[in-house]
Amino acid sequence: GATSLDLASSMDADTFSSAVLSVGPSGVTSVGDSQYRIEASGFVEGIILVGDYVNPGQRCPGQVTSIEEDGKSIVVKSTSGCTSASGDELLVGSDISIIES
């Protein structure tokens, strides 16, 4: 059903994030309007999904829009910019929508 309290919007997604990988040697590159390609230290397939909230180095909050063909890179839409660097923890937010289910 539809949410009525909208609790998820008041939660700090970083509080429920965990570092599953780190930013790889190629780091972060801008690929367009508020879009950033982030190379991970390992394969992301099955670990990070399109639509997931990520925040590499806590300096690149955004939503995954695609997973690249190499299986190690993601594209993130981040309207607040992205200054993450190689070696930073690749934090992935937990699904907090369960709060209202």
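Author: At 27% relative accessibility, Glu68 counts as partly exposed. Here buried means under 20% relative accessible area, exposed means over 50%, and partly exposed lies in between (1.4 Å probe, protein chains only). This is a predicted model, in which local features need pLDDT of at least 70, side-chain atom pairs count only at pLDDT 80 or more, and totals for chains, interfaces and linings use all residues. Residues are numbered from 1 along each chain as its sequence is written, and side-chain values use heavy atoms, with hydrogens and water left out.

Now the partner. Glu68 forms a salt bridge with Arg37, and their closest N and O atoms are 3.9 Å apart. A salt bridge is a side-chain nitrogen of Lys or Arg within 4 Å of a carboxyl oxygen of Asp or Glu. Arg37 lies in strand β2 (residues 35-40) and Glu68 in the loop between β4 and β5, so the pair ties together parts that are 31 residues apart in sequence. Strands (E, at least two residues) are DSSP runs, as are helices (H or I, at least four), and they are numbered from the N terminus.

Arg37 is partly exposed, at 24% relative accessible area. Arg37 also meets Asp70 in a salt bridge (3.2 Å, N to O). This pair links distant parts of the chain, 33 residues apart: Arg37 is in strand β2, and Asp70 is in the loop between β4 and β5. Asp70 is partly exposed, with a relative accessible area of 36%.

Next, the strands around that loop. β4 (residues 62-67) and β5 (residues 73-77) run antiparallel, joined by four bridges. Two strands pair if DSSP finds at least two bridges between them. Ile67 stands opposite Ile74 in β5. β4 and β5 form a hairpin with five residues between them. In its turn, Gly71 has a positive phi of about 75°.

β4 has another antiparallel neighbour. Two bridges join β4 to strand β3 (residues 53-56). Tyr53 has Gln63 in β4 as its bridge partner. This hairpin has five residues between its strands, and Gly57 in the turn has a positive phi of about 65°.

The side chains of Arg59 and Asp88 meet at 2.6 Å, N to O. Arg59 lies in that loop and Asp88 in the loop between β5 and β6 (89-93), so the pair ties together parts that are 29 residues apart in sequence. Arg59 is partly exposed at 37%, whereas Asp88 is buried at 17%.
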